[in-house]
Each structure stands twice: as C-alpha cells, then as structure tokens.
Amino acid sequence: MTEDERIDEMIRNAAQDYNRAPAVPRDEMWTAIQAARTGATPKLHVIAGNAAAPRTADRGRSFFAPRYVWLGAAAAVLLVATGIGIGRLTMPVQQAAINTGNNLQASDSNSSVTPQRVADDNPGPGTYDPPPPSVAQTPAGEIDVEPETSRGGIGRVLRGAAPSGASRVASSRLPSRRNAAGIRGSVDEAPGNDTYQVATIRHLADAEALLTSFSLEKRDQKMDAQLAGWAKGLLSNTRLLLDSPAGEDARRARLLEDLELVLAQIVQLSPAAAASERELIQGSIQNGQVMTRLRTAIPAGPTRGL
Amino acid sequence: MSEGAMMALTIPETRGWMSERQLVERVVAGDPVAQREMYDSHVDRVYRLTYRLAGDEELARDFTQLTFIRAFERIRDFRHESSLATWLHTIGVSISLNGLRKVKTARTREAPIEAASAIGSMDRHAEPDLKVRLRNAIDSLSEKYRTVFLMHDVEGFTHEEIGAALGIPAGTSKTRLFQGRAKLREALADFRGEWVS
C-alpha cells in the first residue's frame with residue numbers, strides 16, 4: 001500500500017462521521033409522503049423543489065449578475081476573435097477587413113451572447129439555479145486548479161480583453177445555460193453556432209495532440225514540464241468552452257468535462273511523479289474513452305489553421 | 001393474479017420473497033402494502049445518502065420525502081434497466097443536489113482550512129481538530145468531487161451505481177474520486193507526518 005493509499009484509508013475512516021445520519025424517522029416521513037400524494041400539503045420544513053426562490057437567493061442572484069456580464073463580454077470577445085481569425089485565413093487580406101466586419105454584424109444580431117442579453121437570460125423565478133457559493137465566490141478554502149496563464153489562443157484573447165477577475169469567473173462553472181430542469185439544450189439551437197463549433201473543433205484537436213504526446217512511452221522531465229504547461233492552457237480553454245454555448249450540447253459537454261478532469265490530472269503531475277501516477281492518468285483516459293470520443297468529435301480533414 | 005403474488009399479499013412472512021419486478025407491478029397497480037414495502041426497503045439508504053449530502057436533518061427529510069413522492073409518480077416509467085435501488089438513488093441525488101443549490105445553507109465552520117495553526121504535534125488530542133479540518137475540507141470540495149467521494153468512500157456505492165445516479169460513465173466517477181481524494185490529502189497535508197509515522 002502506498003503512502004497516499006494509507007492516507008486515503010485514514011481519511012475514509014475519519015469521514016464516516018461526516019454528516020452521519022441519526023435514526024431514520026420512517027413513520028413520520030411516510031405520513032408526510034402519503035399526505036403529499038393524497039393532495040394534503042406536505043410538511044416540508046424547507047422548500048427544496050419548484051417553489052419560489054427565497055430572498056437570500058434573490059440577493060445571491062443580484063450578487064452574481066455582474067459576473068454574468070463579464071462572462072458575456074468574454075464570450076463576445078471569443079466570438080469576435082474567432083470570426084476575425086477565420087476571415088483572415090480564408091480570404092485575401094483586402095477582402096478580410098470588409099467581410100469580417102459584415103460577418104460580425106450578422107453574428108451580433110443573431111447572437112444571444114451579449115452582456116445585456118446574458119444578464120437577462122433568466123429562466124424565471126423559481127427555476128433559477130444559482131451556483132453554490134463555494135463555486136461562484138471561489139473562497140480561499142476552495143482547492144482547485146486555477147491556471148494563471150494560458151497558452152491557448154482562446155484564453156489569451158479573453159484575458160487580454162476582459163477585466164481582471166473575469167478569467168477566474170470565466171474558468172468557473174456556472175449553470176447559466178441550463179433550463180429549469182437542468183437539461184442542456186442542443187448547440188444547434190444556439191445562435192453563432194458555427195463560430196463556437198470551429199473553436200471547439202480546434203480545441204479538441206489540440207487536446208487530442210496533447211493526449212497523444214502524453215501517451216508516448218519515451219518522455220523526459222523536460223517534456224513532462226512542457227506537456228503540463230500545454231495542458232494548463234487547454235484546461236483553461238476547456239472551462240471557457242463549457243461555459244459558452246459550445247457546452248450546451250449534452251454529449252459535447254460530457255466530453256469537455258471528462259477532458260477537463262484528465263487535463264487537471266496532467267497539470268498536477270509533478271516532474272518527479274512515479275510511473276504509477278502516469279498510468280493512473282492513462283487509465284482515466286482509457287476508462288472514459290476520451291481519445292476515441294475526441295477523434296469522433298473532430299471531423300475529417302485539416303483542422304490546423306482554423 | 002399469480003399464486004405467488006396472492007401469497008405475498010396475504011402472508012406477511014412472504015413479503016420479503018416478492019421479487020423486485022413483482023413489487024413494482026404491485027406498486028404500479030396501487031397496492032398500498034407494496035408501496036410501503038418498497039419504501040421500507042430503500043428509505044434507510046436514501047435517507048443516509050441525502051443526509052450525507054445535506055448535513056441537515058430537515059433538508060434530508062424533505063429530500064427523502066420528495067424522492068419517494070417523485071418515485072411513486074414515475075414508477076410506471078421504471079423499465080428495470082437498473083435496479084430499483086439505483087433508480088431511487090438517482091432520483092434522490094438529483095433532488096438533493098438541485099435542492100442544495102436552491103437553498104443557501106451556511107457551510108462556514110469554526111476552523112477554515114487556511115486558519116489552521118501549526119499542527120505538527122503527534123499529540124492524539126489533535127484529533128478533534130482533524131475532524132473539523134476534514135469537515136471543512138469535504139465542505140470545500142466542489143459538488144462533483146464531494147458527491148462522488150461521499151457516495152463511494154463514505155456510503156459504499158460502486159462506481160457503476162454512482163455513474164448511474166449522476167449520469168456519468170463509471171470511469172468519470174473514478175477520475176472524480178481520484179481528484180477528490182487528492183484535494184483532501186492536500187488540504188490535510190499538515191497531518192501527513194502523524195499518519196505516516
């Protein structure tokens with residue numbers, strides 16, 4: 001048993017007292033269930049269903065609203081940057097300036113990702129799901145991988161354009177695009193879908209390249225450090241995409257979530273890590289079929305230069 | 001009605017023999033005995049799980065009650081693609097996590113992780129502080145890591161059961177558990193020397 005495994009076992013034992021339930025109030029709960037099913041008002045001490053949100057959640061909602069403004073601004077910059085990139089690469093320079101402007105105008109008119117629209121994108125009272133405080137506020141006690149820099153083009157543009165603090169907001173998970181039932185809609189329904197599609201495909205291609213490099217048997221510490229840096233940038237971009245309309249497609253969101261976890265493991269891998277730790281990450285990639293799903297999501301044909 | 005089902009209804013000792021399919025059929029048919037049987041068979045584990053997630057007795061009761069209310073409403077949709085227990089836990093986890101997001105439960109505790117004083121002592125009297133530190137560390141985990149950690153390491157669910165409940169592959173459950181454990185080890189690094197010795 002490794003040292004970490006011993007510590008995990010001790011933590012597991014100590015955690016048995018964490019929120020240990022008292023005796024189950026079987027009969028009392030059964031009475032309440034029967035009352036609810038027969039139409040009588042159930043004795044629910046705390047409303048935890050589709051009831052109206054309490055006042056504290058309203059304050060929380062207004063507290064979080066400015067974050068959605070920054071997220072919308074960041075997403076708008078992503079849209080602009082990707083559109084400019086596509087235009088410059090596919091058309092002559094003289095034409096690119098004119099056509100990009102026209103494309104952006106058309107995109108803006110169709111896109112819902114504007115600061116004002118994001119702030120107003122509210123499914124309505126009683127169905128709004130504010131993120132848990134520990135995620136949105138990122139308190140000091142939150143332990144998470146928050147890369148300070150990003151090598152990816154998507155992240156660099158966002159950090160260059162967005163105000164300070166927006167990167168931490170953008171890299172946190174916010175449920176702003178779920179409907180009342182918490183079900184993600186299809187990305188095909190989202191305005192500006194093509195732009196996010198292109199950005200996502202490019203990102204997935206980069207991720208595939210990283211994971212392929214990680215899978216190489218012959219690596220040295222220098223290469224591991226480079227891979228970790230590369231993974232850091234991709235991790236940041238993955239989180240941005242998850243919070244963008246690209247993350248609305250359920251299957252794609254699941255892939256991005258699994259990719260996020262694998263990238264986080266690679267980032268945390270120390271240069272002196274044992275081979276067993278690398279094997280654990282390889283196992284995560286294989287168990288989640290991440291490579292297969294990445295390759296399936298990337299269309300055939302050249303993706304570089306997009 | 002089959003002879004076995006008739007016996008199950010009229011002879012209390014045979015209720016336990018009722019297969020899950022027969023039980024569900026009787027619940028769908030509106031048999032109150034079968035409904036209570038289904039409730040009694042699963043309420044303990046559902047309540048323990050919701051309590052682990054909520055940490056509050058009233059919330060745990062509400063979540064448990066809502067779980068069974070919804071289960072009885074949707075029992076006709078149950079296709080036996082998983083066990084009845086897994087299906088109930090899926091509902092319970094969904095209700096609990098959605099409910100916790102809506103309700104602002106105070107998760108501040110007495111000892112934040114960063115405020116821990118130098119804990120290098122091998123004194124076993126430091127153990128109560130470990131409980132507090134561990135509680136804070138688990139509370140500070142993000143929802144996806146905390147949920148998997150509690151379901152697997154504390155409540156003993158398999159990764160397949162967790163995957164079914166959360167709608168994720170079992171591999172993702174394993175990865176999240178790996179990450180969650182790593183974060184807890186990091187948060188409790190002060191105690192490493194004491195544990196390893």
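**View 1. Helices H5 (84-102), H7 (143-154) and H9 (170-187) of chain B are among the elements covering the buried residues of H8(B).** The model is predicted; local features need pLDDT of at least 70, side-chain atom pairs count only at pLDDT 80 or more, and totals for chains, interfaces and linings use all residues. Residues are numbered from 1 along each chain as its sequence is written, chains are lettered from A in the order written, and side-chain values use heavy atoms, without hydrogens or water. Helices (H or I, at least four residues) and strands (E, at least two) are DSSP runs, numbered from the N terminus.

**View 2. Helix H8 of chain B spans residues 159-166.** His159(B), Ile162(B), Gly163(B) and Ala165(B) are buried (under 20% relative accessible area, 1.4 Å probe, protein chains only). Seen down the axis, the buried residues of H8(B) fall within an arc of 165°, so they line one face of the helix. The arc is taken from the directions from the helix axis to the C-beta atoms. Gly167(B) follows H8(B), with a positive phi near 70°.

**View 3. Chain B has ten helices and zero strands.** Of its 197 residues, 50% count as buried. Contact means heavy atoms within 4.5 Å. Among contacts in chain B between residues at least 6 apart in sequence, 64% join residues at least 24 apart.

**View 4. Chain A averages a pLDDT of 64.** This score is the predictor's confidence in each residue, from 0 to 100. In chain A, 48% of the residues score at least 70. Residues 47-65 of chain A have pLDDT below 50. Residues 106-190 of chain A stay under 50. Where pLDDT is low, the predicted coordinates should not be read in detail.
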